[in-house]
Amino acid sequence: MATPLSRFVSPQVMFKVKDPRTGEDALIADHVGYREDMAAARSPACTHSRTDLRRWTNANGAVVIQAQCLSCGERQGNQRKVPERNAYPEADLSLREEWLARDRRAIDAVRIRHIDMTGQNLDAQADAYESHIASEAWRQKRVKVLKRCGGLCEGCGDASAVEVHHLTYEHLGDELLFELVGLCVTCHTKVHHGWHERTTPEPSGEDSESVF
């Protein structure tokens, strides 16, 4: 029997992300391991335990003295009134850039690992699906579904049912008959188009969306 899709991912829970290596769209399965890895990759909130007064130049050109966290690079506290502003070192903007870059590198590493894992599993699932669809067991099950619906499309109720659609792939290779419906070509195309067009933001946030 073919390996059920549910061992890795439900087809309703897949995120489209940008592959950090190529900039192209890629898929990542949404499962506990991915969420945990993403959470672990993000830096914990900075405690700002090390700060120093620095000279900042605001967007309007005004020069101010304000503390800078020496770990994450963020401004801290209120601006200070001091007699000699030039006596203070200039704020190090690279600190913030480096802090954010570490996060990005860690997140990119997680995404790359899970992109590859998802690809390998989807390839295996596709092979299992193609093998099952070519089997005698599927041919017999298909005949039963089309017989049950009387040859009439269970989507529109008008056209002839000529294709069998999986409502779920949870039991791929050992489907229950109620998990399958007989459809005409138009309705089968419509249901797959709608499935792939539904999108919602990925819980972890940036640069990705759910596509299945």
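Predicted model: local features only at pLDDT ≥ 70, side-chain atom pairs only at ≥ 80, totals over all residues.
User: In which sense do β4 and β5 pair, and over how many bridges?
Analyst: Start with the general idea. Strands of a sheet pair through backbone hydrogen bonds, and the pairing is either parallel or antiparallel. Here, two strands count as paired if DSSP finds at least two bridges between them. Strand β4 (residues 63-69) and β5 are antiparallel, joined over three bridges.
Residues are numbered from 1 along each chain as its sequence is written, and side-chain values use heavy atoms, with hydrogens and water left out.

User: What is the strand order in the open sheet of three strands?
Analyst: The order is β3-β4-β5, with antiparallel pairing. β3 (51-57) and β5 (75-80) are the edge strands, each with a single partner, so one side of each has no neighbour in the sheet. From one strand to the next, the twist averages 35°. For such angles, axes are lines fitted to C-alpha atoms (for helices over the stretch in contact), and values run from 0 to 180 degrees between N-to-C directions.

User: How many helices and strands does the protein have?
Analyst: Four helices and nine strands. Both are DSSP runs, numbered from the N terminus: helices are H or I with at least four residues, strands are E with at least two. Read from the N terminus, the elements run β-β-α-β-β-β-α-α-β-β-α-β-β.

User: How many bridges join β1 to β2?
Analyst: Five, and the two strands run antiparallel. Together they form a hairpin with six residues between them. In the turn, G23 has a positive phi of about 80°. K18 has D25 in β2 as its bridge partner. K16 stands opposite L27 in β2.

User: Which residues make up the largest nonpolar core?
Analyst: First the rule. A nonpolar core is a set of buried Ala, Val, Leu, Ile, Met, Phe, Trp, Tyr and Cys residues joined through side-chain atoms within 4.5 Å. Buried means under 20% relative accessible area, exposed means over 50%, and partly exposed is in between (1.4 Å probe, protein chains only). The largest core has 10 residues: F15, V17, A26, I28, Y34, M38, A41, I107, V110 and I115. β1 (14-18), β2 (25-29), α1 (32-41) and α2 each give two or more residues to this core. Apart from it lies another core of seven residues, among them V145, C149, A161 and V164.

User: What does A41 touch?
Analyst: A contact means heavy atoms within 4.5 Å. Leaving out residues up to four places away in sequence, A41 touches D103, A106, I107 and V110. For the protein as a whole, 33% of the 212 residues count as buried. Among contacts between residues at least 6 apart in sequence, 54% join residues at least 24 apart.

User: Is L183 buried or exposed?
Analyst: Buried, at 6% relative accessibility. L183 is found in strand β7. Its contacts beyond four places in sequence include C153, A161, V162, H188 and V191. L183 and V164 are 19 residues apart in sequence, and 6.0 Å apart in space, C-alpha to C-alpha.

User: How many aromatic pairs are there?
Analyst: Rings of Phe, Tyr and Trp (its six-membered ring) pair if their centres lie within 6.5 Å; planes under 30 degrees apart are stacked, over 60 edge-to-face, and the rest tilted. That rule gives one aromatic pair. The ring centres of Y129 and Y169 are 6.0 Å apart and the planes stand at 75°, so the pair is edge-to-face. Y129 lies in helix α2 (residues 94-133) and Y169 in the loop between β6 (163-166) and β7 (180-183), so the pair ties together parts 40 residues apart in sequence. Y129 is partly exposed at 27% relative accessibility, whereas Y169 is buried at 12%.
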